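Here are my notes on the model you asked me to look over. Have it open while you read, and follow along point by point.

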Amino acid sequence: CCCTMRFFAVLVATTHALHAVTVTPRRHGVVCHGKKTNALLGALRRVPLVKRVVPQKKHAPRTPPPPETSVEAAPEIAELIDAEADEAAKVLEAVVQQVVERGVAVPYEKPVEPEPKPEQPEESQIERFDRLHASPLDRTDELLKLLRDASRDTNAVDVAIEWRYARACLDASNALPEKDAKREGLTFEGLRAAERAAALAPENGLAQKWLGVMLGSVGDFQTTKEKIRNSYKVREALDAAYKLRPDDATVALALGQWCLKVAGVSFVERGLARAIFGGGPPPAGH
């Protein structure tokens with residue numbers, strides 16, 4: 001009601017104002033101007049009805065952003081993510097397993113770093129001699145040279161070096177052809193080394209063992225008279241070695257060979273022994 005009365009009042013004022021408006025002809029239309037006209041138009045814009053009749057520029061409504069959802073606020077989302085991650089890991093593992101089974105690729109394995117080896121003590125001279133003697137390769141000449149130098153450089157006679165020296169001489173002699181002239185020299189060289197060892201340590205079983213072995217070996221290069229003389233020495237050395245080393249198979253073998261040689265002495269050789277030494281060779285009691 002108040003608004004209706006106000007509207008009619010404005011309408012009447014507008015009618016009177018239009019009579020006072022000066023119209024200026026223009027090329028493209030009519031332009032109204034004047035202070036009253038401007039005041040009237042401003043009043044019309046302030047009327048709600050006029051605002052609904054005259055459209056105004058409208059701005060697009062702003063869409064509020066969706067509310068942020070945290071993992072803590074939605075535990076079901078975290079469980080879903082974990083489930084999907086587990087499923088993806090299983091699928092990937094199955095694919096890798098198939099690739100490996102088909103031989104397309106090899107699974108990566110972190111290389112294992114080798115553990116540092118403990119420092120080993122320096123090898124002694126005797127250990128080096130034994131290692132060369134036990135080598136599967138033929139290192140007899142190298143060993144013989146080292147033992148020969150060690151025997152010469154030693155200030156005092158070393159039993160461990162001398163009997164090893166005799167053994168190396170015998171090995172080198174046996175490695176040569178039967179008719180090689182060097183065999184005799186090597187055998188007597190070994191005999192001298194064994195005699196030095198036995199003289200220094202008569203209670204050393206190895207020294208007595210190699211003395212008996214070398215005395216028997218030089219018999220291949222001696223006359224009958226020298227063989228008969230050495231037969232007593234062989235028996236004494238091997239008997240002493242057997243008492244000191246009863247479990248040594250080499251000593252038992254040397255004694256057996258000596259007994260066979262004595263048993264095979266001919267009647268002529270026995271008669272010669274009686275004529276020279278007043279008796280035959282020692283009896284083979286083993």
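1. **Ground rules.** This is a predicted model, so local features need pLDDT of at least 70 and side-chain atom pairs count only at pLDDT 80 or more, while totals for chains, interfaces and linings use all residues. Residues are numbered from 1 along each chain as its sequence is written, and side-chain values use heavy atoms, with hydrogens and water left out.

2. **Overall make-up.** The protein has 12 helices and two strands; helices are DSSP runs of H or I with at least four residues, strands are runs of E with at least two, and both are numbered from the N terminus. Along the sequence the pattern reads α-β-β-α-α-α-α-α-α-α-α-α-α-α. Of the 286 residues, 27% are buried, where buried means under 20% relative accessible area, exposed means over 50%, and partly exposed is in between (1.4 Å probe, protein chains only). Among contacts (heavy atoms within 4.5 Å) with a separation of 6 or more, 55% are between residues 24 or more positions apart.

3. **The core.** The largest nonpolar core holds 39 residues, and Leu144, Leu147 and Leu211 have the most contacts inside it. Such a core is a set of buried Ala, Val, Leu, Ile, Met, Phe, Trp, Tyr and Cys residues joined through side-chain atoms within 4.5 Å. Two or more residues each come from H5 (125-134), H6 (140-153), H7 (159-174), H8 (182-200), H9 (205-217), H10 (224-244) and H11 (249-263). H7 gives the largest share, nine residues. As background, nonpolar side chains in soluble globular proteins tend to be buried together.

4. **Helix H7.** At the start of H7, a side-chain oxygen of Asp158 comes within 3.1 Å of the backbone nitrogen of Ala160.

5. **H6 against H7.** The axes of these two helices come within 9 Å and cross at roughly 145°. Axes here are lines fitted to C-alpha atoms over the stretch in contact, with angles from 0 to 180 degrees between N-to-C directions. The H6 side of the meeting includes Thr140, Leu143, Leu144 and Leu147, and the H7 side includes Ile161, Tyr165, Ala168 and Cys169. Leaving aside neighbours within four places in sequence, Leu144 contacts Tyr165, Ala168, Cys169, Ala172 and Leu186.

6. **Ala166.** This residue sits in H7 and counts as buried, at 0% relative accessibility. Ala166 and Gly190 are 24 residues apart in sequence, yet their C-alpha atoms are 3.9 Å apart. Beyond four places in sequence, Ala166 touches Gly190, Ala193, Ala194 and Met214.

7. **Leu191.** Over in H8, Leu191 is buried at 8% relative accessible area. Not counting residues up to four places away, Leu191 touches Leu211, Met214, Leu215 and Val218.

8. **Helix H9 and Lys209.** In H9, 12 of the 13 residues are buried, so this helix too is largely enclosed by the rest of the structure. Asn204 caps the N-terminal end of H9, with a side-chain oxygen 2.9 Å from the backbone nitrogen of Leu206. Lys209 touches Leu238, Ala241, Asp248, Thr250 and Val251, setting aside residues up to four places away in sequence.

9. **Asn230.** This H10 residue is buried as well, with a relative accessible area of 9%. The side chains of Asn230 and Gln222 are joined by a polar contact of 2.7 Å. That term covers a pair of N or O atoms within 3.5 Å; within protein, one must be able to donate a hydrogen and the other to accept it, and residues adjacent in sequence count only if both atoms are side-chain atoms. Leaving aside neighbours within four places, Asn230 is in contact with Leu215, Val218 and Gln222.
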